[in-house]
Amino acid sequence: MGSENHPVGDGTRAVRAGLPEPVAYEPTLPGPVFAAHYHLPGEPTGPYTYGRDENPTWTHLERAIGELEAPGEEGVETVVFASGMAAVSAVLLSQTRAGDTAVLPDDGYQALALVREQLAAYDVRVRTAPTGGDAQLRELDGARLLWIETPSNPGLDVCDIRRLADAAHAAGALVAVDNTLATPLGQRPLELGADFSVVSGTKGLTGHGDVLLGYVACRDARLAARVRRWRKVVGAIPGPMEAWLAHRSLATLQLRADKQGANALALAEALREHPDVSGLRHPGLPDDPSYAVASRQMRRFGCVVSFTLPDRGYAERFLEGLRLVDDATSFGGVRSTAERRGRWGGDAVPEGFIRFSVGAEDPDDLVADVLRALEEAAP
């Protein structure tokens, strides 16, 4: 795809990623293959032997994601999973063993706490530090694996991936980056030195709120083989329909990412001077604490805006008053969603903290709806 003199852009790459060579009278993107087994005469040496191991629909999607994670590179391997947490668990649990030390963020996705408990049960020591200020640097001595989440969810702090990766490798540790919020169009961890790029495709990658999916992308075939073996052992495989829907959704990834990112910045700008809004965060705001680092390593700043309202009641009235925004968890969809994140109890955030996932609506309509709901929610 493309050439040295004319590399293709993100939109072209997203539209064409992973498509097979054209065959006369066949669809450009073949439909999902529903198969638990395949014709298998003789020795099982072909590419498809059993449905838990491989599937042609996965193959197309994995190739497509690899082209987005590391454009123009050969040898990048992608392994797709049934969910983002399946992908997260596959890396953390396949790359560590009893006696190892893993370094995790203490402000990352709340379900990481469940993985920490499982690591401890397997006698893997866990150290934690905040994402901001590259604080995980202080915990690398003797570590086997460094887990980075940037931007962090839900606080939107950003750390320097290349700096942390270089330090971790010097200390003998592998590096995995949760790239869910940025997507490969916003940030490419493998190019910044990470060993693994891990994404919940449930979010912005597929972008329609109707697919659960995860993946791990990796340059090292040996490391990727461990991840793939973990998928085989635990059976955390995506259904063919989900894989096909995810591949179809990639075609609009650049359109969605650009539109939602522009909308998110417009919303953040509109909230900057609101008297009842505090702690406003979006990496694309020039005065955001993460802007300097984010602008060096991110190509798009994402669709999530976070802020805090004075108390729980105000936040709940605000969410109930929104007309164009669904009160729902997750993020990255074409329809805006927002939630009072404290309702889950797993994040160290104020009671009035709002995580707002900005969709693809007209920005004027969205901003007007938010400002009206804030006005009506005020005591």
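These notebook entries record what I looked up in this predicted model.

**Entry 1: a helix pair**

I began with helix α10, residues 312–321, and helix α11, residues 363–377. I noted that their axes lie 8 Å apart and that the packing angle is about 135 degrees. Angles over 145 degrees would count as roughly antiparallel and 65 to 115 as roughly perpendicular; α10 and α11 are therefore oblique to each other. I recorded the crossing of α10 past α11 as right-handed.

I then looked up the residues that meet. From α10 these are Tyr-314, Arg-317, Phe-318 and Gly-321, and from α11 they are Val-370, Arg-372, Ala-373, Leu-374 and Ala-377. I sorted the residues of this contact into 6 nonpolar, 1 polar and 2 charged.

**Entry 2: the second largest pocket**

I next turned to the second largest pocket, for which I noted a volume of about 370 Å³. I found 27 residues in its lining, and those nearest the centre of the pocket are Met-85, Tyr-109, Asn-153, Ser-200 and Lys-203. I listed α3 (84–94) and β6 (196–200) as the elements that give two or more residues to this lining. By residue class, I recorded 11 nonpolar, 11 polar and 5 charged in the lining of the second largest pocket.

**Entry 3: the cavity**

Finally, I asked how many cavities of 30 Å³ or more the count comes to. I found 1 cavity. I divided the lining of the largest cavity into 8 nonpolar, 8 polar and 2 charged residues.

Technical notes: Residues numbered from 1 in each chain as written. Predicted model: local features only at pLDDT ≥ 70, side-chain atom pairs only at ≥ 80, totals over all residues. Heavy atoms only, no water. Axes fitted to C-alpha atoms, helices over the stretch in contact; angles between N-to-C directions. Helix = DSSP H or I, 4+ residues; strand = E, 2+ residues; numbered from the N terminus. Parallel < 35°, antiparallel > 145°, perpendicular 65-115°, else oblique. Left-handed = near helix turned anticlockwise from the far one by under 90°. Contact = heavy atoms within 4.5 Å. Nonpolar A, V, L, I, M, F, W, Y, C, P; charged D, E, K, R; others polar. 1 Å grid on protein atoms, 1.4 Å probe; cavity = no way out; pocket = protein on both sides within 12 Å on 5 of 7 lines; lining within 4 Å. Points joined across faces, edges and corners; volume = space filled by probe spheres on them.
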